[in-house]
Amino acid sequence: EMQPNEDARSKVEVDGSREKEKNDGKQLAVVKDTKNTDRHEKSVEELCKEVVEILKDNPNMEQWRQAKNILSQVLSKEENYPIDDEMVNCGLVPFLVKGLEIDEEQIQYQCVKALVNIVKSRDAEKIVLVVESGATDPL
């Protein structure tokens, strides 16, 4: 004969971040992760597009700082694989060149670092793009 609560399942909070189903003392599955529901790890392409979106319409200093922070995330991914294609393909190069003229050292630094990353790929088309975008004058 079945006990009244034998097949009943209840959710319990674990570590303040996850709910797990519990059935007779056994955890069955992670149902929900409340800390990371909106925040999957974004791809380099998604991050580059985000930077372009922020900078496309005459950005103010706060927008440049926001773009710098995202660019820093992009550049941190370089250790795992080349990122130059994504930066070039999303149209980021002209914005990186504009960033060289912003009067804030950290913004300039991230833009230089990104441009160097593109040039060190040794791809002639990418190098020409960087030069023709005007990167050599501010450097």
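Read along the sequence, the elements of the protein chain follow the order β-β-β-α-α-α-α-α-α. The chain thus described belongs to a predicted model, and the count of elements is 3 strands and 6 helices.

The protein chain has 139 residues, of which 31% count as buried. Among the contacts in the chain with a separation of 6 or more, 47% are accounted for by residues 24 or more positions apart.

**Helices α5 and α6**

Two packed helices are described by the angle between their axes and the distance between the axes. Helix α5 spans residues 105-119 and helix α6 spans residues 124-132; their axes come within 8 Å and cross at roughly 145°. On the α5 side, the contact is made by Leu115, Ile118 and Val119, while α6 contributes Lys126, Ile127 and Val130. Sorted by class, the residues of this contact are 5 nonpolar and 1 charged, with no polar residue.

Most residues other than glycine have a negative phi, and most peptide bonds are trans. Which residue in the loop between α5 and α6 can be set against that background? Arg122 lies in this loop, and its phi is positive, near 60°, although the residue is not a glycine. A further case is Asn58, a residue other than glycine with a positive phi of about 45°. Asn58 is found in the loop that runs between α1 (44-55) and α2 (61-76).

**A nonpolar surface patch**

Which residues make the nonpolar surface patch of about 260 Å²? The patch is made by Val112, Val116 and Leu139. Val112 and Val116 fall within the range of α5, residues 105-119, whereas Leu139 lies in the segment after α6. Leu139 counts as exposed because its relative accessibility is 63%, a value over the 50% cut-off.

Key. Residues numbered from 1 in each chain as written. Predicted model: local features only at pLDDT ≥ 70, side-chain atom pairs only at ≥ 80, totals over all residues. Heavy atoms only, no water. Axes fitted to C-alpha atoms, helices over the stretch in contact; angles between N-to-C directions. Helix = DSSP H or I, 4+ residues; strand = E, 2+ residues; numbered from the N terminus. Contact = heavy atoms within 4.5 Å. Nonpolar A, V, L, I, M, F, W, Y, C, P; charged D, E, K, R; others polar. Buried < 20%, exposed > 50% of the residue type's maximum accessible area, 1.4 Å probe, protein only. Patch = residues over 30% accessible without salt bridge, like charges linked within 9 Å, V, L, I, M, F, W, Y side chains within 5 Å. Areas by Shrake-Rupley, 256 points an atom, 1.4 Å probe, with all protein chains shown as cover. Salt bridge = Lys/Arg side-chain N within 4 Å of Asp/Glu carboxyl O.
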